[in-house]
Amino acid sequence: MRVLKILDARGLGDIGTTNFALFQYPGTDGMRPSDVARRLGVSKQALNHMVGQLERLGYLERHPEPGGRHTTLRYTERGWQVLQTAIETMIDLEAEWQGLLGERRFAEFKGTLKMLAGLAG
């Protein structure tokens, strides 16, 4: 995956493919872990393991909500660097694909992807 190679070059190479899911659109910053688990289609236990790994690596933090009953996930500065790198990489990739396909064909391609994503949701 191109973004993982770029993250590695930027000193953020300890993010694996599985854990990268927590940085894909829409990002998980400010979400409750149970909502993230549901969105990713993983168990709460599996998500807890992923979050624990990313906490130890310095990408995420758990923040208690007022009342202390729930927590939300927050990106650290290092986590925001991952998200920014992913966004920059996707912008570059889209520009590359548009150059290969041409503006009209790329717009049709992107429209088709959006339509399919809407059907999957």
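Hello everyone, and thanks for coming. A word on the ground rules: this is a predicted model, where local features need pLDDT of at least 70, side-chain atom pairs count only at pLDDT 80 or more, and totals for chains, interfaces and linings use all residues. Residues are numbered from 1 along each chain as its sequence is written, and side-chain values use heavy atoms, with hydrogens and water left out.

Let's begin with the whole chain. Its secondary structure comes to six helices and two strands, and along the sequence these follow the pattern α-α-α-α-β-β-α-α. The C-alpha trace spans about 50 × 35 × 25 Å along its principal axes. Of the 121 residues, 27% are buried; that term means under 20% relative accessible area, with exposed being over 50% and partly exposed in between, using a 1.4 Å probe and protein chains only.

Take the contacts with a separation of 6 or more: residues 24 or more positions apart account for 46% of them. A contact here means heavy atoms within 4.5 Å.

Now to the helices. Helix α4, residues 44–56, has 13 residues and reaches 18 Å from its first C-alpha to its last, close to the 18 Å expected at 1.5 Å a residue. That expected span is 1.5 Å times one less than the number of residues. Leu47, Met50, Val51, Gly52 and Leu54 are the buried residues of α4, and their cover includes α2, α3, β1 and β2. Just after α4 comes Gly58, with a positive phi of about 85°.

Helix α5 covers residues 77–101, so to speak, with 25 residues and a reach of 36 Å, close to the 36 Å expected. Which parts of the chain do the buried residues of α5 pack against? They pack against α1, α2 and β2. Among those buried residues are Gly79, Leu83, Ala86 and Leu93. After α5 comes Gly102, whose phi is positive, near 90°.

Strand β2 has come up with both helices, as cover for α4 and as a packing partner of α5. Please find Tyr75 there, in β2, residues 71–75. Is Tyr75 buried or exposed? Tyr75 counts as buried because its relative accessibility is 6%. Setting aside residues up to four places away in sequence, Tyr75 touches Leu22, Phe23, Gly27, Thr28, Asp29, Tyr59, Leu60, Trp80 and Leu83. Tyr75 and Glu61 are 14 residues apart in sequence, and their C-alpha atoms are 6.3 Å apart in space.

The side chain of Tyr75 reaches the backbone oxygen of Leu22 at 2.7 Å and the backbone nitrogen of Thr28 at 3.0 Å.

That brings us to Thr28, in the loop between α2 and α3. Thr28 is buried, with a relative accessible area of 0%. Its side chain reaches the backbone oxygen of Leu22 at 3.0 Å, the atom that the Tyr75 side chain also reaches. Leaving aside neighbours within four places in sequence, Thr28 is in contact with Leu22, Val36, Arg39, Leu73 and Tyr75.

Thank you, and I'm happy to take questions.

Conventions. Helices (H or I, at least four residues) and strands (E, at least two) are DSSP runs, numbered from the N terminus. A polar contact is a pair of N or O atoms within 3.5 Å; within protein, one must be able to donate a hydrogen and the other to accept it, and residues adjacent in sequence count only if both atoms are side-chain atoms.
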